[in-house]
Amino acid sequence: MMKIHQAVATALLDHGVNPLFGLMGDANMLYVGDYRELGGRFIPSSHEVSSVGMANAWAQATGRVGVTTVTCGPGIANTFITLVEAVKSSTPVLLMTGDAPLEPTHFQQLDIAAMAAAAGAGYEVVLEPSQAIRTLNRALQRVVSERRPVVFNLPQHMLLLEAGTQEPVTPPRARAAAAPGRADLARALDRIRAAKRPIILAGKGALNAGAHEALVCLADQLAAPVTTTVLAKDLFLDHPSNLGICGGLSHPAAVQTISESDCILVFGAALNAYTTHNRELLDGSNIIQIDDTPASFGKYLHVAETVPADARLAAEAISSALTEHRRDADRDWLERVQARLRSHDPRADFDDQSHAETIDIRTASIRLNEVLPARRNMVSDIGRFVFGAWPHITTPEPEGFTTMGAFGSVGLGLAGSLGMAAARPDAPTVCVIGDGGFMMNPTELATAVRESMRLIVVIYDDGAYGFEWHKMLNFGADPAHSLLAWPDLESVAKAMGATSRTIRRLDELDEVPKLTDDIDGPVVLVVKLDPTVNIAQ
């Protein structure tokens, strides 16, 4: 007779779960072993905090449910930060764990339901052995339909019980994409037809909806420049009217164009403080917000019209309506914008503050964009370095970029890059991370070595917590308190089994292609920065 642990392993594979991320322990080791013996790929992390981070980035890269498993007590407790990160990213992640043994004084007892609730995740527990697969089915369905992580609790004492008759595996069904309603569409069209200088702004919702082609077609009809949020970065990478990232990271040519616009069509973006530059960039604009999650409407600033709809279907409906009832596009304005973009040189946007032993992060990032492999993915940690990395390092396929920064928790980027590398192994994954973030979880570099992952880790090393340096300076405090005496990071990387180089001068980046061509394991580039150079102004 089949045991519960065997039935769960079989059900995971029947659900198409492959790979499975996690870390073994008493609560999961039996079904993890079964899963591997049945042909599944298990990618173990060095620490449970990375298990959810790997599944999070994998799910964002593939659009599928990322599944990870950890043990009871401290195992599930260690995932809390990355579970909150996945919740705030609205990422489809199933986190499998199990209650400690049925002994009230067992030292690993933890209220898993309370922890899941505190993180904002859903929660499902197997109450009867005969309901194991039914509960697994329901947990996966909730992940998909609620667009958030769910914690699945299979109590440890059930694993060795007979499975008996279980419900069959039922694949989760996604919510149907919604077309715009007639009245909503009509109101939006009135504003669009009246606009002379419209702009299209696309967010992660547009990327997930596969709206690129429809938005490019609509932009051509409207003679509209295009821009994105950070999470949809590079969606319009090679478009002649691409303004790049909208918000605090906009370059001067983009800011000028946005200020000239008289209508902004927003597809699948919540218009948060970063996209709006604390509302300063878009406040008072004539905004039409299109999103399949109505809770996003007007969440951060007032918008003129709202259209609850799938981004792709809405773009196609607007395009079709404009074909039937033509609108005169202001091609002259678009041509001026395109000329402005062609003449824009990102190197002219700042004064290069490279010195004998350090490189200006903006200068380094512009050069990295040229010397890193052309086909690449990118995962970013969070920190001051993003002001230099995000605007200047691009990814040819926007699905190949994500940032582990929804919760503002430093140190999750390396785990996310492992998930991306597993999801998109045909091209190397670039992890951009600060020295502080890297040292929070450097052991996952050993995971990348063990799994032979094609990973390029760019550590922006200013020897400090960079944001804190300048915040303390602004408060009149001694910023030297934010300095950190790390071991030599190149040596740390080599000790983990990676190839590594320290970069102090721009010309040293010319060596990067030699290190990253035909990459079959992790390469670490430690780029030395000056903590006193403030790029986040």
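**Close-up views of a predicted model**

**View 1. Gln338 is a buried residue, with a relative accessible area of 17%.** Welcome to the first stop in this predicted model. Gln338 counts as buried because its value falls under 20%. Once neighbours within four places in sequence are set aside, Gln338 is in contact with Pro240 and Ser241.

**View 2. Six strands make up an open sheet with parallel pairing.** Reading across the sheet, the order is E14-E13-E15-E16-E18-E17. Which strands form the edges? They are strand E14 (401-403) and strand E17 (499-503), each of which pairs on one side only. From one strand to the next, the twist averages 15°. Helix H14 (residues 361-371) packs on this sheet, where H14 touches strand E16 (455-461) and strand E18 (523-528). The direction of helix H14 makes about 165° with that of E16.

**View 3. Strand E13 runs parallel to E14.** Here we zoom in on one pairing within the sheet. Strand E13 spans residues 377-380, and three bridges join this strand to E14.

**View 4. Phe21 and Trp58 form an edge-to-face aromatic pair.** By the rule used here, the model has three aromatic pairs. In the pair shown, the ring centres are 6.4 Å apart and the planes meet at 65°, so the arrangement is edge-to-face. Phe21 belongs to strand E1 (residues 20-22) and Trp58 to helix H3 (residues 48-62), so the pair ties together parts that are 37 residues apart in sequence.

**View 5. Phe387 and Phe467 link distant parts of the chain.** This aromatic pair is also edge-to-face, with 5.9 Å from centre to centre and 80° between the planes. Phe387 sits in helix H15 (residues 386-389) and Phe467 in helix H19 (residues 466-474), 80 residues apart. Phe387 is partly exposed, at 29% relative accessibility. Phe467 is likewise partly exposed, with a relative accessible area of 29%. Take a look at Lys471 as well: this residue lies over the face of Phe467, at 5.4 Å from the ring centre.

**View 6. The charged end of Lys233 sits over the ring of Phe401.** The distance from that charged end to the centre of the ring is 5.1 Å.

**View 7. A cis peptide bond leads from Asn18 to Pro19.** Most peptide bonds are trans. At this one, omega is near 15°. Pro19 lies in the loop between helix H1 (4-14) and E1.

**View 8. Ala223 and Ser452 each have a positive phi.** Most residues other than glycine have a negative phi. For Ala223, phi is near 55°, and for Ser452 phi is about 55°. Where are these two residues found? Ala223 is in the loop between helix H10 (212-222) and strand E8 (226-228), while Ser452 lies in the loop between helix H18 (444-450) and E16. Ala223 counts as buried at 1% relative accessibility, whereas Ser452 is partly exposed, with a relative accessible area of 48%.

Notes. Residues numbered from 1 in each chain as written. Predicted model: local features only at pLDDT ≥ 70, side-chain atom pairs only at ≥ 80, totals over all residues. Heavy atoms only, no water. Pairing = 2+ DSSP bridges. Helix = DSSP H or I, 4+ residues; strand = E, 2+ residues; numbered from the N terminus. Axes fitted to C-alpha atoms, helices over the stretch in contact; angles between N-to-C directions. Contact = heavy atoms within 4.5 Å. Buried < 20%, exposed > 50% of the residue type's maximum accessible area, 1.4 Å probe, protein only. Phe/Tyr/Trp six-rings, centres within 6.5 Å; stacked < 30°, edge-to-face > 60°. Lys NZ or Arg CZ within 6 Å of the ring centre and 35° of its normal.
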